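I opened this notebook to keep track of what I looked up in one structure, entry by entry. The structure itself comes before the entries.

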Amino acid sequence: MEDQLSQVFAALADPTRRDIVARLTAADATVNELAEPYNVSLQAVSKHLRVLEDAGLVTRTREAQRRPAHLEAEVFDLMTQWIERYRQRAERRYRRLDHVLAEMDGRSDTHSNPEGNAS
């Protein structure tokens, strides 16, 4: 697949994988522990974990006989930055629209500009 951001969004498009990520926010867990609440095979849960690993959301380590999955929370920073960029852009557009509507309505605020900053 393309870039990591695309892989992360694609990995999280599946509700089971989102649930696995949510459970890993509480604590690391093995495939057996992660599979407990689902009515699917261990193999299916392993496949979900592999998709999450490929996206960089999860790593697996070895602790004696256990091989717990660990959530790599810093990957969410990548998503947050991407979302925040477009959230800010949309917010600026709404502020400009509010400004235009206020001017049309004759109630223009002369102390602010369309970007929402004091002038």
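I began with Ala64, which I found in the loop between β1 (58–60) and β2 (69–71), where strands are DSSP runs of E with at least two residues and helices are runs of H or I with at least four, numbered from the N terminus. Ala64 is not a glycine, yet its phi is positive, at about 55 degrees. I noted beside this that most residues other than glycine have a negative phi. Ala64 counts as exposed because its relative accessibility is 70% (exposed is over 50% relative accessible area, buried under 20%, partly exposed in between, with a 1.4 Å probe and protein chains only).

I kept in mind that this is a predicted model, in which local features need pLDDT of at least 70, side-chain atom pairs count only at pLDDT 80 or more, and totals for chains, interfaces and linings use all residues. Residues are numbered from 1 along each chain as its sequence is written, and side-chain values use heavy atoms, with hydrogens and water left out.

Next I looked up Thr30, which sits in the loop between α2 (15–24) and α3 (31–35). Thr30 counts as buried, because its relative accessibility is 12%. Setting aside neighbours within four places in sequence, I found Thr30 in contact (heavy atoms within 4.5 Å) with Arg66, Arg67 and Pro68.

Last, I turned to a pair of helices: Gln4, Leu5, Val8 and Phe9 in α1 meet Val75, Leu78, Met79, Trp82 and Ile83 in α5.
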